[in-house]
Every structure is written in C-alpha cells, then in structure tokens.
Amino acid sequence: MAGPVLEAKNLTKHFAVKRGVFFSRQVAMVRAVDDISFTIDPGKTLGLVGESGCGKTTTAKMVLLLEQPTGGIMRFEGQDLQTLDGGSLKAYRRSVQAVFQDPYASLNPRMRVGSIIMEPLITNEPLPSVEVRKRLLRLLELVGLPERAADLFPHEFSGGQRQRIAIARALSLSPKVVVLDEPVSALDVSIRAQILNLLRDLQAQLGVSYLFIAHDLAAVAHMSHTIAVMYLGKIVEVGEADVVSKGPKHPYTQALFSAALPSHPDERRDEIILAGEVPSPMNPPSGCRFHPRCPYALPRCSAEEPKLLPESGRLVACHLYPQ
C-alpha cells in the first residue's frame, strides 16, 4: 500500500495584525489555522468542511504554496515541502493544481478557451503543436465540451460550462492532487450535481486526489472518502465520510449536518440552532473553541482544550466522550 500523496502535520498559520501608518506595530495575531494534521491518499478525496472563516481557504493556500506555514510540516509523496528547491519545487507546483469558486473570475476573458486550457502545458513543456492540439481535444472530451469550444471565448459559455473549462485547465498538467475550493457554490443548483459527478468520474478515470473544500455538507458527503470538520482553525472531527455524515459526534458537526438537506425526503431531522456568532480568530475562546456556542458545554470545556481522540470509529475533539 502506497503512503499518502499529501500529508500535513501540526500545520499552523498565524497572521500578524498591524496598526499605524508610519510606525506600524503588531497589535494582534489571527490564528487562521492552528495545529491541524491530515492526509490525502492517492485517488481519494479529503473533504474539508466548516463555516466561513474557519481556516479552510488558508489551508488550501498553504497546500498550493500561496501561503507559507507558520509552523508544522507538509509532505508530498513523503518529501518535506520545506526542502524543495528549483526543479522539485516546479514539479510540485505542476503536480498540485486548483479549481476555484468563481468560474467567471478565474478565466481570462480575452483568451480563447483552447489557449486557456493549454496555457499551463505550453508554459511548462515545449510540445509540437500537433501534440498540443491532440491533448486539448482529449481534455475537452474528458470534461464533456465539444471540439468547437476551443475557438470560443469564456463569455460565450454558461457558469457550469466555464467550470468545466477551469477543470480541463487544472488537468492539463496531469496533476496528482487538485484543490477544489468551493467549486460549485457559485453555480446554479441544477448544475451543481453535474459538475460534482463529472469530478467523481474524472477521479475514477485518472486516479487524481482531491482536497475538496466546501460549506455545503451534502456535496462534501457525496464527494469525499474522508471528512475533516474545521472550527476556528482547528479540526474538531475527522473520519470516513459515511461514518461522520451518518452519525456525527462532535456537537458542531451535529449542528452542521442537522442544517444540511436530508438525503431522503422522508428522513426526519431535529435541526440544532447554534447560539451566537463564530468568535474572532484574533481572540479565540479558551479551552474548547466551540464551548460558548455548544448546547452541551461542561465546566471543563472553557478551561481545557480537548484533544482529537478515537471515538466510535473516527477522531473527535470533545470532552463529552469518556476516552
């Protein structure tokens, strides 16, 4: 059994908040991601879920090397990313691609679709034009777009079709990992399932791994092999998708899933309404970060931070469970 394609251990990202025009001084620290660990196996999907501001996108940016971690390590195929230099760094950037939320903003409106899709490949590999054309047609076919799409501009396509173009571009370098940052949240509801099913089919065909980031739990449960739930920069529950989505254990995960659409119309659910707002990551609560909003908070929850420990076939960070 091969090891994970991507692994993060005690990954941390803190941002300094500065005030002042000429002599700026640090006044606070935003704990965007605070000591999280996860693995992504070859050909599998890790779903990262949580409310806005919980650290999902910062995690994605660290995986894409758009942000440097404050602490912790990331390994790609066993190699520490901190040790990568020129050639191996370029190879990593090729191996990890992204599809972003907004297909309107992520495509250059002045370029034809064929050029958009093949730009990463042409930049990275000098190929004869016949080979480029062959690969372009193969990519268009993979994402379900007609050959003539290559000669059109992005504005001539619908949102769902544009997201297919963005997916084709992400796949042009045959990556091993694709970061999907809310890839369907800007799309019409009727189109979302098509794009998610396309992504699943592509994974089955190409063996690519996904880091799938979303706040839509139904999509995460449908797409992922493993689900990690984040709250205020911490992972509070992680396990196999079926186990976590069908029997969530952490009170925050329970609340998230109770608010999601049921998978069957006859399914009865008690909706859990959470009190208050998500606290600021500049000043997170002591102990368990969820305790001010938790309906089951115990006295120790405000003083003692719970560890991620095994519980009913997954890991949960919660004092409710006697370990």
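One residue and its surroundings

A: Asp 34 counts as buried, because its relative accessibility is 7%; buried means under 20% relative accessible area, exposed means over 50%, and partly exposed lies in between, with a 1.4 Å probe and protein chains only. The model is predicted, so local features need pLDDT of at least 70 and side-chain atom pairs count only at pLDDT 80 or more, while totals for chains, interfaces and linings use all residues. Residues are numbered from 1 along each chain as its sequence is written, and side-chain values use heavy atoms, with hydrogens and water left out.

Asp 34 lies in strand β2. Helices (H or I, at least four residues) and strands (E, at least two) are DSSP runs, numbered from the N terminus. The side chain of Asp 34 makes a polar contact with the side chain of Arg 289, at 2.4 Å. A polar contact is a pair of N or O atoms within 3.5 Å; within protein, one must be able to donate a hydrogen and the other to accept it, and residues adjacent in sequence count only if both atoms are side-chain atoms. Apart from neighbours within four places in sequence, Asp 34 is in contact (heavy atoms within 4.5 Å) with Leu 11, Thr 12, His 14, Gly 233, Lys 234 and Arg 289.

Strand β2 also has a part in the largest pocket, where it gives the largest share of the lining, 6 residues. On a 1 Å grid over the protein atoms alone, a pocket is an open set of points with protein on both sides within 12 Å along at least five of seven lines, a cavity is a set of points where a 1.4 Å probe fits but cannot get out, and lining residues have an atom within 4 Å of a point. The largest pocket has a volume of about 610 Å³; a volume is the space filled by probe spheres set on the grid points, which are joined across faces, edges and corners. Of its 30 lining residues, Ser 37, Ile 235, Val 238, Leu 308 and Leu 315 are the closest to the centre of the largest pocket. At least two lining residues come from each of β2 (25–40), β3 (45–49), β9 (226–231) and β10 (234–240). By class, the lining of the largest pocket has 14 nonpolar, 9 polar and 7 charged residues. Here Ala, Val, Leu, Ile, Met, Phe, Trp, Tyr, Cys and Pro count as nonpolar, Asp, Glu, Lys and Arg as charged, and the others, Gly among them, as polar.

The structure also holds 1 cavity of 30 Å³ or more. Of the 14 residues that line the largest cavity, the closest to its centre are His 250, Cys 288, Cys 294, Cys 301 and Cys 318. That lining has 11 nonpolar, 3 polar and no charged residues.

Tyr 210 counts as buried, because its relative accessibility is 2%. Tyr 210 lies in strand β8 (residues 209–214), and its side chain reaches the backbone oxygen of Leu 199 at 2.7 Å.

As for the whole, the protein has 9 helices and 12 strands. Buried residues make up 46% of its 323 residues.
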